[in-house]
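Please keep the sequence and the structure in view while reading.

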Amino acid sequence: MPNTLEIALKNDSDSSNIHAYITGIAIQHGGQRCLVKADGHGLYFPQNPPSIGSPLTEDCAIPLGSPGNTISVTIPQIAGGRIWIVEGKLTFLLNPGPALVEPSVLNPSDPNANVNFGFCEFTLNDAQLYANISYVDFVPQIPIAITLQENSGESQHVSGMAPDGLDRLADGLRQQAKKDGRPWDKLIVNRDGRNLRILNATHGGAVGASFDGYYEPHIEEVWKKYSSGSCMRIDTQAGPGTLEGKVNHKGELVIGGEAFSKPNSADVLGCNSGPFTTGPNPTRNAIIPRLAAAFHRSCLLATENHPSDPRTFYCCDPTNHYARLVHEVNIDKKGYAFAYDDVQPEGGDDQSGKVNGGDPVLFTVAVGGNHASDRNPSIPPIPPHRQPSQQQQQKYDRPPPPPPEGGYREEQQQHEGFRSKMKGLAGKFLH
């Protein structure tokens, strides 16, 4: 596994005012919070500031140049990393600690609230590069696609959205709101006459879109089904194997000896509270992602075996129409629409829009979506000094990582999203 990795940042938009920022935890530098410098190669380590909300002492915006241009940057091993993409520039602040205050889409007073930005997320460590396009918090107006090239010569690609993807998603949510009377349309954030971003229903409270009580009718039907003879089977895809579950006389859903109380809508949407709270029990922690995903996708009535086939996802109401439509508007139907969107049956097609490999040579992030529908996206060649030798030309057979543990990392200002799932991975390399 290399100590560094080259990243190609490609401007696939129509704008010459696109910048990138790369943030994360520098594994080989004592776990310090860092940003990649504007030259794309050095690291900037924020120092303890004199007061809350202090500016960075260095501008770390990496310009992508004119449409069609590609910038090469180099990163060290980084945990909990994000590649932020923005039309214009972003404002990062520092609090004493130092603690990096990252852009927030939930705080209307945040200096980036009206800025068009998005991000993809990654961790590069001794085991592998793991990266994904995240829609766990919101869908940005600016599309992002990712491609991983490995030393074996193989590549993995996630297409993201076309330039009109956000508008298509907004149209779908407006139609759904008219159909069921729920505030899906309120999740759409509009600025200056255009759709700027769309929040996940998990964050509906930030824009007055309440989904309280939304999943409860479905939850009652699930409890009824599994208390009247039906048997749920959860493949933990781990040591405990496949476990059976039924509702007992106490009204608890018992799976492999682990008792789960009824979740509520907030539990289902967030996947990290109530019965879905992880803890020290590895068996329970293996059940939770599969059970939470099945509730989220509303497929517990359609089949008893989980994880189930994607054809069973979002097929009945109530369900998460944000997640359903996110998959519909992505070119290859992939993308992290909720915290456990990486749950899939053995041998099933990945839903989550992730790439991972143990010997990466180039990670490409294409911004703008102009060529998102190309079957063979134009990506830079592997750098000559990283071409695989004959001895290295073998398929990497390390299994992908298990779903990381949930839980939110907070600094002086909470930042949400898939970063919380990567917290467990980051911690593994910092302790």
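Ile83 touches Ile7, Leu9, Tyr21, Ile22, Gly118, Phe119, Cys120, Phe122, Phe363 and Val365, leaving aside residues up to four places away in sequence; contact here means heavy atoms within 4.5 Å. The model is predicted, so that local features need pLDDT of at least 70 and side-chain atom pairs count only at pLDDT 80 or more, while totals for chains, interfaces and linings use all residues. Residues are numbered from 1 along each chain as its sequence is written, and side-chain values use heavy atoms, with hydrogens and water left out.

Ile83, Phe363 and Val365 have the most contacts inside the largest nonpolar core, which has 86 residues. Such a core is a set of buried Ala, Val, Leu, Ile, Met, Phe, Trp, Tyr and Cys residues joined through side-chain atoms within 4.5 Å. Buried means under 20% relative accessible area, exposed over 50%, and partly exposed in between, with a 1.4 Å probe and protein chains only. Helix H4 (residues 282–296) supplies the largest share of this core, seven residues. At least three residues of the core come from each of domain 1 (4–163 + 336–344 + 355–367) and domain 2 (215–317), the bounds being taken from an automatic or database domain assignment. A second, separate core of 19 residues includes Val86, Leu90, Phe92 and Leu94.

Of the 431 residues in the protein, 55% are buried. There are six helices and 24 strands; these are DSSP runs numbered from the N terminus, with helices (H or I) of at least four residues and strands (E) of at least two.

Five strands form an open sheet in the order S21-S20-S19-S18-S22, with mixed pairing; two strands pair if DSSP finds at least two bridges between them. Strand S21 (258–260) and strand S22 (305–306) each have a single partner strand and stand at the edges, so one side of each is left without a neighbour in the sheet. Strand S18 (residues 232–235) and strand S19 (residues 242–247) run antiparallel and are joined by four bridges. Within this pairing, Met232 stands opposite Gly245 in S19.

Helix H4 lies across S18, S19, strand S20 (253–255), S21 and S22, and runs at about 35 degrees to S21. Axes are lines fitted to C-alpha atoms, for helices over the stretch in contact, and angles run from 0 to 180 degrees between N-to-C directions.

Gln176 is found in helix H1 (residues 165–180). Gln176 counts as buried because its relative accessibility is 5%.
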